[in-house]
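User: I have some questions about how residues in this model get their labels. Please set each value against its cut-off.

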Amino acid sequence: MKCSRCSEKAVYIRRYSGQSFCRYHFLEYFERKVNKTLKIEKMLNRSEKVALAISGGKDSLTLVHIIKKLGKKLDLELHCILVDEGIGGYREKTVKIAEEFCRKLDLELEVISFRQEYSKSLDEMVELGKRTPCTYCGVFRRELLNLKALELGAHRLATGHNLDDEVQAILMNYIKGDVERLIKIGTTTGKPRLVARIKPLIEMPEKEVALFSILNDFPVSFDECPYATSFRARIRDMINNLEESSPGIKYSILSGYRKLLGKITSPEVSSSPMRKCEKCSNTTSQAVCMGCRLREELGIS
Ligand code: SF4
Ligand SMILES: [Zn+2]
Ligand SMILES: [Zn+2]
C-alpha cells in the first residue's frame, strides 16, 4: 500500500481515519499532532523550566526527543528526572538506556532512587508490606518526581503517558469505583507544593508511540515490568478488542472522561479540597497523605 500523501510505501495505516503513512509522513504527522496537543491544551509557555520524567521506555524517550526539539523554539529549560524504584532485573537496563539517551541529547539527568530516599527498594517494600507493588510504586514515584521538580523550581512536570495508558487508567478506576484516583488522572493544574503535570503524548495511541521510537532508532527496551498486573492486561486487551471493532473508541473514552471531569471537579460537587499533610506538608486531599500512610505501614522514615 502507498502513503496517502506521496508515492512512497506505507509503513502505517491509521484505521480510525483510513489514512496511510510512509516513514517521512508518519514522523511528520506524529510530531505535528503532539505539538498541536501542547498548543490546544496550553501545556507549555515560552521560557518555562520543564522537568521531564524519564524511565528509558519508548514513551519517555519519545517525550524527551520531542520536547527537546520544541525547547529550542520556546527557549525552555529542560531537566530530566529518573526514579529508580529498585525492580531487580528490570530497571537497571532502562536506567542505562536513559543515561545514554540524555547524554547524546546533552540533557541534564538526575537519578533518584527509592532506596536512597526511603531506605528500601520497591522489591523490599513488596516483601515487607501487604499492598500491591503498583500502589507503592505509583505513590512514591509521583511523590519523588514532584519533590524533585519543586526543588528544581520547575513550572511543569511532563510525563510520557500515552492515549492507551490514560484510557486504561480511566476504565480501571471507574470499574473499581475509585473516584479519588479517577479524578487525579486528569487533574493536572498546579497547586501549592504540587507542580503542574502535563502529558504531551496523551492523544497518541501506544502503537504510534512504539512506531515513532522504532523509526527513530531509539535504543528502547520493550521488556515489561515483572509487577505489571493481569488486571491491567485484561483491561488493555478489552480496549484493544473494542478499538478493533470500533476504530476511534479510545478517543471517545478519553473525551467522555474529560466531559465527566468537568462536572465532578466543579466546586459544588467536589467534596475533598486540597490541604497540607499533617506529617510531611505535601499537598493532599486527606489529613495525612498516602505517602505518609504507606511509610507508616512499612515502618520506614
Ligand atoms: S507495573 Fe511496575 S513500573 Fe508500573 S506501576 Fe507497577 S510496579 Fe511500577
Ligand atoms: Zn509519504
Ligand atoms: Zn505526608
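User: Where is Lys-42 placed?

Analyst: This is a predicted model. In it, Lys-42 sits in the loop between α1 (23-40) and β3 (49-53).

User: Why is Lys-42 called exposed?

Analyst: The relative accessible area of Lys-42 is 65%. Exposed means over 50%. Therefore Lys-42 is exposed.

User: What is to be said about the phi of Lys-42?

Analyst: Phi is positive there, about 50°, and Lys-42 is not a glycine. Most residues other than glycine have a negative phi.

User: Which loop holds Arg-193, and what is its phi?

Analyst: Arg-193 lies in the loop between α8 (179-186) and β7 (196-198). Phi of Arg-193 is positive too, near 60°.

User: Why is Arg-193 called partly exposed?

Analyst: Arg-193 has a relative accessible area of 36%. Buried needs under 20% and exposed needs over 50%. The value for Arg-193 falls in between, so the label is partly exposed.

User: What makes Asp-164 buried?

Analyst: Asp-164, in helix α7 (residues 163-176), has a relative accessible area of 6%. The cut-off for buried is under 20%, so Asp-164 counts as buried.

User: How do you know that the side chains of Asp-164 and Lys-250 make a polar contact?

Analyst: A distance of 2.7 Å joins the two side chains. The limit for a pair of N or O atoms is within 3.5 Å, so the pair of Asp-164 and Lys-250 qualifies.

User: Which residues is Asp-164 in contact with, leaving aside neighbours within four places in sequence?

Analyst: Pro-205, Glu-206, Asn-240 and Lys-250.

Terms used: Residues numbered from 1 in each chain as written. Chains lettered and ligands numbered in written order. Predicted model: local features only at pLDDT ≥ 70, side-chain atom pairs only at ≥ 80, totals over all residues. Heavy atoms only, no water. Helix = DSSP H or I, 4+ residues; strand = E, 2+ residues; numbered from the N terminus. Buried < 20%, exposed > 50% of the residue type's maximum accessible area, 1.4 Å probe, protein only. Polar contact = N/O pair within 3.5 Å; in protein donor to acceptor, adjacent residues only side chain to side chain. Contact = heavy atoms within 4.5 Å.
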